[in-house]
Amino acid sequence: WQAVHNGTGNTQYSGQVTLGSTQSGSSYNLTDAGRGNHSTYDLNKGTPGTPTLFSGPDDVWGNGLPANSETAGADAAYGAGVTWDYFKNVQGRSGIRGDGVGASSRVHYGNNYSNAFWQDSCFCMTYGDGYGNTEPLTALDVAAHEMTHGVTSATANLVYSGESGGLNEATSDIFAAAVEFHANNPQDVGDYLVGEKIDIRGNGTPLRYMDEPSKDGPSKDYWYAGIANQDVHYSSGPANHWFYLASEGSGSKTVNGVDYYSPTSDGLPVTAIGRDKAALIWYKALTTKFNSTTDYAGARAGTLAVATELYGATSPEVKGVTDAWAGVNVGD
Ligand code: ASN
Ligand code: ZN
């Protein structure tokens, strides 16, 4: 017989958490029946290898340390669960496709693999264990980033190159931040940094900064003609920056103990509309206005259309969205 359970995850990045699991006879496995049967598998360094569903005699997963092979599974399962809850409870979306069906997560991919990725073909996320100083890629914001690629594929399906590719990447960073804030986990507070815990550069700095994307080196703060030729992880910068400006406003601010400074291309201030409204506007634009070839001008038009429908043409929200786009050099 099978029963829905709540197990205990001892994660590397997010402390001790509750994980949805399934009891099958005298053993338990990491299939989350409360979230569309999302299942978490061990690739055991295979590429792709044969995935093994995490299972065992107790309902305790990992010990908080990467040397325990269950720990990455606990982090990945937690990230998928929190992201599921965010889209369901905040945006009203049941699962990546909106059909209540869970995806799957696969950890311990390959040897020294310092990345994570989403694939439509398997409806799954895959995580490496990292190389050198890099930690396993299973941090909460990385999981939310990858799972959001699934949502983007199922909705606007933004082509993964040119400006639409930058918007695709930004969508994953925007909801990575929104999920991290929503999780409200004291071990892993919400921030406008991406990948701050995995140390992918080996010097303790985050992978990306949304308040001023160019702090990472190659990411762009502002739109310019020709930005489409950049890698999608750099052309995402203006949209990430738009989300920060709309959420928190321009200039200096400290949020959850993290100091930010967000400039604008025109030097004019942006007044915040708040993170929840900015995320709602992006979600509705993604799912009802954007299409596969939406570019920055189209993202501006789509978000303004949503904000106008939700709050009215003369609302502070429409002004905030407009000013945040002007702040990243996207005008009419
Ligand atoms: N981790 C990367 C990403 O999700 C993998 C890729 O380049 N698609 O953006
Ligand atoms: Zn991505």
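The expected span of a helix is 1.5 Å times one less than its number of residues; helices (H or I, at least four residues) and strands (E, at least two) are DSSP runs numbered from the N terminus. The model is predicted: local features require pLDDT of at least 70 and side-chain atom pairs pLDDT 80 or more, while totals for chains, interfaces and linings use all residues. Residues are numbered from 1 along each chain as its sequence is written, and chains are lettered from A and ligands numbered from 1 in the order in which they are written.

View 1. Helix α3 (residues 162-183) comprises 22 residues and reaches 32 Å from first to last C-alpha, close to the 32 Å expected. Because 20 of its 22 residues are buried, α3 is largely enclosed by the rest of the structure (buried: 20 or more other C-beta atoms, placed from the backbone, within 10 Å of the residue's own).

**View 2. Contact between domain 1 and domain 2.** The domain assignment, automatic or from a database, gives domain 1 (2-154) and domain 2 (162-327). Their contact takes 24 residues from domain 1 and 23 residues from domain 2 (C-beta atoms, placed from the backbone, within 7 Å). On the domain 1 side, α2 (140-154) is one of the elements giving two or more residues, and its eight residues are the largest share.

**View 3. Surroundings of ligand 1.** Ligand 1 is surrounded by Asn115, Ala116, Phe117, His145, Glu146, His149 and Glu169 (C-beta atom, placed from the backbone, within 6 Å). The largest share of this shell, three residues, comes from α2.

Methods:
Contact = placed C-beta atoms within 7 Å. Buried ≥ 20, exposed ≤ 12 C-beta atoms within 10 Å, placed from the backbone.
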